[in-house]
Amino acid sequence: MPPFLSFAPLDNGLAALQRAAETYGKAFAHATENGGIPSAAALRDANARLIAVERALTRPDGLPNRDWFKNQIYAPGFYTGYGVKTLPAIRESIEQKQWQQAGEQIVRVGGTLESAAAAIEAAAGALRF
């Protein structure tokens, strides 16, 4: 029987992403309302910050058992070959019944999602002028 795993950190990360996306949507709408175009500098800054969003989905130490895969959201399966696994660190830990590791990875990936949300918020801030 598997132990109880709290997925609250993932829920919190998802909620942060949703709030950040809403904030960015509002900032973009405001920046372009009435046919307006943000300045080239604001767009350059926002784009640079949006690039950081993808980078925020990675961890320098990679995934368990394969530190060369840095992305925490998707990666080829460790046990299944090249088929993509979503949230691989969590999913594979659960599949292998490594419950302690699964709990640790839930917290870690939740933090990764919150970092991505912060990067989106920063991009929204770049559009405000």
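Me: Which residues touch the most other members of the largest nonpolar core?
Reply: This is a predicted model, in which local features need pLDDT of at least 70, side-chain atom pairs count only at pLDDT 80 or more, and totals for chains, interfaces and linings use all residues. Residues are numbered from 1 along each chain as its sequence is written, and side-chain values use heavy atoms, with hydrogens and water left out. A nonpolar core is a set of buried Ala, Val, Leu, Ile, Met, Phe, Trp, Tyr and Cys residues joined through side-chain atoms within 4.5 Å, where buried means under 20% relative accessible area, exposed over 50% and partly exposed in between (1.4 Å probe, protein chains only). Of the 24 residues in this core, those touching the most other members are Leu10, Tyr24 and Leu127.

Me: Which helix gives the most to this core?
Reply: Helices here are DSSP runs of H or I with at least four residues, and strands are runs of E with at least two, numbered from the N terminus. H1 (8–32), H2 (40–56) and H4 each supply at least two residues of the core. With 12 residues, the helix that gives the most is H4.

Me: How many nonpolar residues are in the contact of H2 with H4?
Reply: The axes, lines fitted to C-alpha atoms over the stretch in contact, are compared by N-to-C direction on a scale from 0 to 180 degrees. Those of H2 and H4 come within 8 Å and cross at roughly 175°, which makes the two helices roughly antiparallel (angles over 145 degrees). Contact means heavy atoms within 4.5 Å, and the residues meeting here include Leu43 and Ala46 of H2 and Ala123 and Leu127 of H4. By class (Ala, Val, Leu, Ile, Met, Phe, Trp, Tyr, Cys and Pro nonpolar; Asp, Glu, Lys and Arg charged; the others, Gly among them, polar), there are 2 charged and 2 polar residues, while the nonpolar ones number 14.

Me: How many charged residues are in the contact of H3 with H4?
Reply: H3 (residues 88–95) and H4 (residues 99–127) pack at about 165°, with axes 8 Å apart, and are therefore roughly antiparallel. Among the residues in contact are Ile90 and Ile94 of H3 and Trp99 and Val109 of H4. These residues divide into 7 nonpolar and 3 polar, and the number of charged ones is no charged residue.

Me: What is the relative accessible area of Leu87?
Reply: Leu87 lies in the loop between strand S2 (84–86) and H3. Its phi is positive, about 45°, although Leu87 is not a glycine. Leu87 is partly exposed, with a relative accessible area of 27%.

Key
Parallel < 35°, antiparallel > 145°, perpendicular 65-115°, else oblique.
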